[in-house]
Amino acid sequence: MPAVSKGDGMRGLAVFISDIRNCKSKEAEIKRINKELANIRSKFKGDKALDGYSKKKYVCKLLFIFLLGHDIDFGHMEAVNLLSSNKYTEKQIGYLFISVLVNSNSELIRLINNAIKNDLSSRNPTFMCLALHCIANVGSREMAEAFAGEIPRILVAGDTMDSVKQSAALCLLRLYKTSPDLVLMGEWTSRVVHLLNDQHMGVVTAAISLITCLSQKNPDEFKTCVSLAVSRLSRIVSSASTDLQDYTYYFVPAPWLSCKLLRLLQCYPPPEDGAVKGRLVECLETILNKAQEPPKSKKVQHSNAKNAILFEAISLIIHYDSEPNLLVRACNQLGQFLQHRETNLRYLALESMCTLASSEFSHEAVKTHIETVINALKTERDVSVRQRAADLLYAMCDRSNAKQIVAEMLSYLETADYSIREEMVLKVAILAEKYAVDYSWYVDTILNLIRIAGDYVSEEVWYRVIQIVINRDDVQGYAAKTVFEALQAPACHENMVKVGGYILGEFGNLIAGDPRSSPLVQFNLLHSKFHLCSVPTRALLLSAYIKFINLFPETKSTIQEVLRSDSQIRNSDVELQQRAVEYLKLSSIASTDVLATVLEEMPPFPERESSILAKLKKKKGPGAVSVNELEEGKREGGELNGGGERGGDSSAIASTPSPSADLLGLRTGPPVTAAAPSTGSLLVDVFSEAGVNDDGFLSTQVSKIYNTVLVVFGYFNKKILHIVPLNDLSERELVTINEQTPQGVFVMAPFLKMFRALTCTILLGLGMALLENVDPNPENFVCAGVIQTKAQQVGSLLRLEPNAQAQMYRLTVRSSKDTVSKRLCELLAEQF
Amino acid sequence: MIGGLFIYNHKGEVLISRVYRDDIGRNAVDAFRVNVIHARQQVRSPVTNIARTSFFHIKRSNIWLAAVTKQNVNAAMVFEFLYKMCDVMSAYFGKISEENIKNNFVLIYELLDEILDFGYPQNSETGALKTFITQQGIKGQHQTKEEQSQITSQVTGQIGWRREGIKYRRNELFLDVLESVNLLMSPQGQVLSAHVSGRVVMKSYLSGMPECKFGMNDKIVIDKQGKGGTTDDPGKSELGGSGKQSIAIDDCTFHQCVRLSKFDSERSISFIPPDGEYELMRYRTTKDIILPFRVIPLVREVGRTKLEVKVVIKSNFKPSLLAQKIEVRIPTPLNTSGVQVICMKGKAKYKASENAIVWKIKRMAGMKESQISAEIELLPTNDKKKWARPPISMNFEVPFAPSGLKVRYLKVFESKLNYSDHDVIKWVRYIGRSGIYETRC
């Protein structure tokens, strides 16, 4: 049993608590509590009035039971009674109970407020403090309403005791935080600011918290506090450690107050008044000087207090960002911390240096610590510190040290913590691009990046490298060569295959002269990776193959063989199958000049802000990326797969001026791929998927477009529609197609010379209705109809695109049953 | 397939930990402690699933027994095993308490090795176990090789629960019918739910390998006999008009010694009994239950600060019988500040720690009536919640079976030894206890 002191102690309470602690089980505890509650109830109910002591005791017990997690629904009245007691202990317990267990009972709140009011107006400082603490602890709106006007008066009254002033300042701060609209400083402002001049350090410390909070909301009203704060700070800083006796903490004069003053100053720009500014600079210099002095004590508290002031001073210097001299000094002092024993100090130093690096004055100074930071990145045990080191490296990077830093980061990537890898990859990619002097270095770096941390390389990174290679002629040959070499590794990452497929497909001819990288070798190399890749990559590789056919006609037969194999032409994946079929047909039918036009080299991308940078910004949240890189971001090249303005197929081919025109401007040439997409008609949009697939070489782009098309399909799938052969069917009414699997079939056959009228007859003979003015190309025929079978009705849509010059046509049939569309196709093919 | 078995004390310290399968890691012990024993909210479900691991626990006084598994086991089997394990332990060292478990931990591990193999329950018959898991040292045992091999053949044999060559000077048989009656009644006296769960417990001290046959007034058997026999109902003449002639048993389970095939075909219960005490069968009935007591509550709220309670209990059985250990528990509101009780019979007391008035009567004959009235003073609270009025519950013990079950015969046949059914001294006793016997007020 705990010792019970005679004076204030409550024996009953001590016994009860020790009983509870000795309970063997939860059930026993509940029993004991029930018993005690019944006892207290009978005591409160009892006829004879309780004396203050027993009231206090029972209220204490109730409080204890409540803190154990049981509901208390009585005793509030007794606690309120205690508030009006004259004994400190009883009053204190009353306030304690009220602050812990207050509920919004209107009747009770009135009584409590009354009691608080009485205490506030009493001349007893202890009671006033108790009341203020209660208001601050509860901090409810009702309390704020009742006392928000009263407290500032107490705070600035001349005859208020210091301790009460302290409490009042903090209480007001709390009320201001919970309900700012009720705390109106107005007339009190200047007098509150002048509390900074108070004799009592405690009052100043309390007041400065309030002022900081208030001045963040309305800085103009509290502007005068700057000069006062500066003078106060200079007095503290220049005082000997023995001057402020009670407020000297391990030989550091008033560390908390100094920190708060420095933080308050960070709310304002540098003071305009020269004298004040001079004094402040002097102060900051003194702080920096003091930090250099040998420690007066070996205790950790001494160094903690000193460093706290130093870091706060440095962040003020960074905030002002106008004193090159101070900035450099700050940087040098932080440099010392970089190798400090304390992990926390190293962390803080790295963090502050990050902000220093973005200042033009101290950037150079920060750069001198590069070796230390790199070392920290490699040897630091704490991952959060390593993360800061990586941030700092990123921040201090510029043209002069980019190569070194990127190399270091790359080498660190191999062992880096998984949680920060993706961010590191982005950073390396950005730095490599931003400070690339020669682009071969850039290509090397990115390929290395993919090799080392392929899993963490996001889409944006490899889009970007392709974008840059396409846009820069001088690097294309080198890129092709490097990629070719990189692909020769036995195991390479899928992203590498993507980049390889793309670049070799575009620029494989640049290295084809070398017998070691002859076209066939290139193809075999790519194809050896084919089976290890996912579907999107395979699709990209197929596009690369068709480009090979164009670049190197000698590989045509080999590639056709590959395309013709069952694993391609009958692939279960619709995308791959379609590509295989179409590319095979394209390669076997089209003449070389058609191929050359269709499979032309990609045009340069428009210049845009780097998407990687956007991604990093998104990842870190706004403000995390320093200002200078934003500026440089502007002059960076366009993006490969940028913003949302590219809708549908229009930007798949950058050179296409308007979406409604022919996709590749092929109308003049052979009409193999003469699809006529129109953005106006959903029907045609759906069909235009085929057109895009034909010539869209970029798999990434194609797959994107393909997705949008699929979305359109999804839209259709939801609707049950009726296709009625009606001549006046407008395209809007045709928002229609009730199919399970979209099935587009393209049949290419020698085009028989034929007349429009004949075609019409044939089509109408099928029972279809001809739709005029649906297709933007007047030469095309668009039909809709319902085929009646015994079991059901099958809606079908049909488009015929004749091209007289090439003597070819393309037929697209779509219906709700794939067998029906196939059959229809065959039928029509026989007809023409 | 039980993966492991843990025993904890009330603080959650592990007393016994036995893991049978590799899929149960060491952290399972802590998971149960953290999530169940030390849970913020009291865990009421006996089965807890933590990270794809199932914990089945029962509590005996302050001791937690938890079986752990990762597989989809039959939960009823696991609980049956846990209860059996409690029986075995109490048969070996008496009450299950922390002290006893700590003192006998070697024995408990030995038992656990025997009754669970790779998580599959094995022979948990106390009598059989006691033949080869003993509490004496090896030196104290003067078992010969033959005796040891005999134990092996018996335990692994067809009748694993009884050894050969038992001899008693006096062949004696004790048969107890223990029932607990559960009831929930509306304030108006309407039965909302009622059932009896009963057990037939036997103590047999018989020589040799006797074959026993147990008969009771099972409705199916009586009806069959009534059809097959004469028009005169034999059941009626036998029971002599003491209320019901036959009872409908909803479901029953038997000790492993009962020949189930015979029960299925002829509905006769025949068996070779184990030696000593065992539970022959368990059953449950829901129809035509004799409710030994009727509770009539009357609660009146007088204003916000006073409550008047009057409770009458009536005994509803033959006046010649005496009920014992009667206890009525009348819950009081949570803001009770004082209670005055007046009762004609027995003693009544307000127990603040349990929030109830407890009224105890030592003895009460059948067809009698008794009454208690109480005035409860309340402390007005600002809580708007109304009192939930929990039901009045009751405990008692009566010397008959509330289900109406009667033992018709228990025959003993021993062909090899020369004693007959008539030489066996048989004792039959009926005890009806209250289970959850509640009346709403």
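**Figure 1. Surroundings of His302(A).** A polar atom of the His302(A) side chain lies 2.6 Å from the backbone oxygen of Tyr250(A). The model shown here and in the other views is predicted. His302(A) belongs to helix 16 of chain A, which covers residues 300–320. The relative accessible area of His302(A) is 2%, so the residue counts as buried. With neighbours within four places in sequence left aside, His302(A) is in contact with Tyr250(A), Phe251(A) and Val252(A), and also with Pro295(A), Lys296(A) and Ser297(A).

**Figure 2. The salt bridge between Glu36(A) and Lys61(A).** The closest N and O atoms of Glu36(A) and Lys61(A) are 2.8 Å apart, and the two residues form a salt bridge. Glu36(A) is in helix 2 (residues 26–45) of chain A and Lys61(A) is in helix 3 of chain A, so the pair ties together parts that are 25 residues apart in sequence. Glu36(A) has a relative accessible area of 5% and is buried. Lys61(A) is likewise buried, at 5% relative accessibility. The pair belongs to a network of salt bridges that links Asp19(A), Arg32(A), Glu36(A) and Lys61(A). Over all chains, the count comes to 41 salt bridges.

Figure 3. Lys427(A) and Glu423(A) form a salt bridge, with their closest N and O atoms 3.0 Å apart. Both residues are in helix 23 of chain A; they are separated by about one helical turn because they are 4 residues apart. Lys427(A) and Glu423(A) are both buried.

Figure 4. The side chains of Glu506(A) and Lys547(A) meet in a salt bridge, at 3.1 Å from N to O. Glu506(A) lies in helix 27 (residues 494–507) and Lys547(A) in helix 29 (residues 535–551), so this pair ties together parts of chain A that are 41 residues apart in sequence. Glu506(A) is buried, as is Lys547(A).

**Figure 5. Ala436(A) in a loop between two helices.** Ala436(A) is placed in the loop that runs between helix 23 (418–434) and helix 24 (439–453) of chain A. With a relative accessible area of 9%, Ala436(A) is buried. Leaving aside neighbours within four places in sequence, the residues in contact with Ala436(A) are Arg399(A), Leu431(A), Trp441(A) and Tyr442(A). The C-alpha atoms of Ala436(A) and Lys403(A) are 8.5 Å apart in space, and these residues are 33 residues apart in sequence.

**Figure 6. A nonpolar patch on the surface of chain A.** The patch is formed by Leu67(A), Leu96(A) and Val100(A), which together have about 260 Å² of accessible area. Leu67(A) is found in helix 3 of chain A, residues 52–67. This residue has a relative accessible area of 60% and is therefore exposed.

**Figure 7. The interface of chain B and chain A.** In this view, 23 residues of chain B are in contact with 17 residues of chain A. The two chains bury about 1600 Å² between them, and 48% of this area is on carbon and sulfur atoms. There are 2 salt bridges across the interface. The side chains of Glu27(A) and Lys59(B) meet in a salt bridge, at 3.9 Å from N to O. Between chain B and chain A, 5 residue pairs are in polar contact, counting pairs with both residues at pLDDT 80 or more. On the side of chain B that touches chain A, strand 17 (336–343) and strand 20 (369–378) of chain B each supply at least two residues.

**Figure 8. Chain A as the setting for the close-ups.** Chain A has 39 helices and 6 strands. Of the 832 residues in chain A, 54% are buried. Among contacts in chain A with a separation of 6 or more, 66% are between residues 24 or more positions apart. Chain A exposes about 37600 Å², of which carbon and sulfur atoms supply 52%.

How values were computed
Residues numbered from 1 in each chain as written. Chains lettered and ligands numbered in written order. Predicted model: local features only at pLDDT ≥ 70, side-chain atom pairs only at ≥ 80, totals over all residues. Heavy atoms only, no water. Patch = residues over 30% accessible without salt bridge, like charges linked within 9 Å, V, L, I, M, F, W, Y side chains within 5 Å. Areas by Shrake-Rupley, 256 points an atom, 1.4 Å probe, with all protein chains shown as cover. Salt bridge = Lys/Arg side-chain N within 4 Å of Asp/Glu carboxyl O. Buried < 20%, exposed > 50% of the residue type's maximum accessible area, 1.4 Å probe, protein only. Contact = heavy atoms within 4.5 Å. Buried area = accessible area lost by both parts, 1.4 Å probe. Polar contact = N/O pair within 3.5 Å; in protein donor to acceptor, adjacent residues only side chain to side chain.
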